[in-house]
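Biologist: I am new to this structure. Could you show it to me and let me ask how you reach your conclusions?

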Amino acid sequence: MMKFIKIDENSRVPKYQQIIDSIIHNISIGNLKMDEKIPSINMFSEEFYLSRDTVEKAYSILKDRNIITSIRGKGFYISRTKLISKVNIFFLINKLSNYKLRIYNHFIDTIGANAHVDLQVYHCDETLFLNLLDKNKAAYDYYIIMPHFKTEDLKHVTLTQKVIKALEEIPTEKLIILDNVKPELKSVQTEIFQDFENDIYFALKKGLDKIKTYEKIILVYPEQSVYPYPRRILHGFRKFCVEYKLDFEILDKIYDDMILKKGDLFITIEESDLVNLLKQVREDEFKLGSEIGIISYNDTPLKELLGITVMSTDFKIMGETAANMIRNKSRGTIKVPFNFIERDSL
């Protein structure tokens with residue numbers, strides 16, 4: 001290994017950083033392999049006439065980044081070959097939905113090639129989440145977490161006590177909470193989130209004039225979804241309807257052969273409910289936008305093409321903001337815009 005390491009005595013780059021960069025570079029070009037043993041701290045310092053403290057500092061940083069590992073009584077070894085970039089990011093999402101992937105893709109586009117991002121999915125399962133976090137503990141420079149969990153009866157919960165405890169073990173400067181926040185997690189310094197209750201409330205207020213022309217407002221909120229939705233959506237919807245004295249109903253899904261009436265306005269969350277509703281509106285020959293209204297939760301290109309009115313988080317901004325905060329090494333709490341986009345279905 002020694003023949004691959006280059007230390008420039010005339011460089012202004014600190015010697016410990018030159019060690020780090022040289023080892024990472026040689027991993028990236030294949031000179032150093034996974035599980036290959038590297039020299040001890042004493043051997044390294046003697047070979048390059050460096051102080052032991054300098055080499056120890058470099059090895060310590062490489063260990064923190066999980067690029068090398070130490071085995072008691074045996075020495076130091078290369079522990080991985082893929083995370084060789086300057087910034088290593090663990091991106092943990094609750095489900096592989098179109099919306100989550102849009103956030104991720106905008107994040108990737110913005111963070112650039114100078115980072116390695118590992119995307120993992122925990123399917124709203126607490127046990128899987130804790131195992132993934134424990135397995136990758138102390139291995140990354142940043143941890144981006146989307147906290148959405150489900151109870152045994154498929155109710156949504158933002159955090160559990162075990163999850164809070166696990167997140168509090170991550171250094172605050174490394175942790176970014178994305179999409180969903182909860183006051184219980186007090187140690188977090190960076191949050192980029194949507195406010196589910198107030199988002200739907202204020203979005204519906206923007207469409208109030210047209211919403212009031214309908215006889216009944218029906219929210220289709222899935223109660224038994226594999227990936228449950230925050231109940232704060234329900235709270236915001238009820239608050240809006242009660243405040244403006246609107247007749248409303250909450251269904252758990254769009255039923256086959258459901259009875260539709262002129263003057264119904266539906267708010268759908270899941271794509272399957274939107275598709276089923278559109279199919280029945282056409283089969284029953286209702287005029288979409290006047291006789292039957294539809295507002296869908298979260299925008300997609302297909303909804304834009306079909307002329308479906310939506311209320312939607314700006315997923316592009318969410319992903320870009322997370323990336324820019326890492327690039328700029330900034331912290332803070334940022335509420336992502338939530339837009340009401342009126343189209344022909346209202």
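This is a predicted model: local features need pLDDT of at least 70, side-chain atom pairs count only at pLDDT 80 or more; totals for chains, interfaces and linings use all residues.

Biologist: How many helices and strands are in the chain?

Modeller: The chain has twelve helices and 17 strands.

Biologist: What makes the chain more spread out than a compact globule?

Modeller: The globule rule gives 20 Å for 346 residues. The radius of gyration of the chain is 26 Å, well over that, so the chain is more spread out than a compact globule. The spans of the C-alpha trace along its principal axes are about 85 × 35 × 35 Å.

Biologist: What share of the residues is buried?

Modeller: Buried means under 20% relative accessible area. Of the 346 residues, 50% are buried. The accessible surface comes to about 17300 Å², and carbon and sulfur atoms hold 49% of it.

Biologist: Now the sheet. What is the order of its six strands?

Modeller: The order is S5-S4-S6-S9-S10-S16, in an open sheet with parallel pairing.

Biologist: Why are S5 and S16 called edge strands?

Modeller: Strand S5 (115-121) and strand S16 (332-335) each have a single partner strand, so one side of each is left without a neighbour in the sheet. From one strand to the next, the twist averages 15 degrees.

Biologist: How do you know that S10 and S16 pair?

Modeller: Two strands pair if there are at least two bridges between them. Strand S10 (residues 190-193) is joined to S16 by four bridges, so the pair qualifies. The two run parallel. Ile-192, for one, has Ile-334 in S16 as its bridge partner.

Biologist: Which helix packs on the sheet, touching S4, S5 and S6?

Modeller: That is helix H5 (residues 126-135). The direction of H5 makes about 170 degrees with that of strand S4 (87-93).

Biologist: Let us turn to H1. How do you know that its length agrees with its number of residues?

Modeller: Helix H1 (residues 15-28) has 14 residues, which should span 20 Å at 1.5 Å a residue. The end C-alpha atoms of H1 are 20 Å apart, so the two agree.

Biologist: Which residues of H1 are buried, and what do they pack against?

Modeller: The buried ones are Gln-18, Ile-19, Ile-20, Ser-22, Ile-23, Ile-24, Asn-26 and Ile-27. They pack against helix H2 (41-47), helix H3 (52-64) and strand S3 (75-78).

Biologist: What comes just after H1?

Modeller: Gly-30 does, with a positive phi of about 90 degrees.

Key
Residues are numbered from 1 along each chain as its sequence is written. Side-chain values use heavy atoms; hydrogens and water are left out. Axes are lines fitted to C-alpha atoms, for helices over the stretch in contact, and angles run from 0 to 180 degrees between N-to-C directions. Contact means heavy atoms within 4.5 Å. The radius of gyration is taken over C-alpha atoms; the globule rule is 2.2 Å times the number of residues to the power 0.38. Buried means under 20% relative accessible area, exposed over 50%, partly exposed in between (1.4 Å probe, protein chains only). Accessible areas come from the Shrake-Rupley method with a 1.4 Å probe; for residues, only the protein chains shown count as cover. The expected span of a helix is 1.5 Å times one less than its number of residues.
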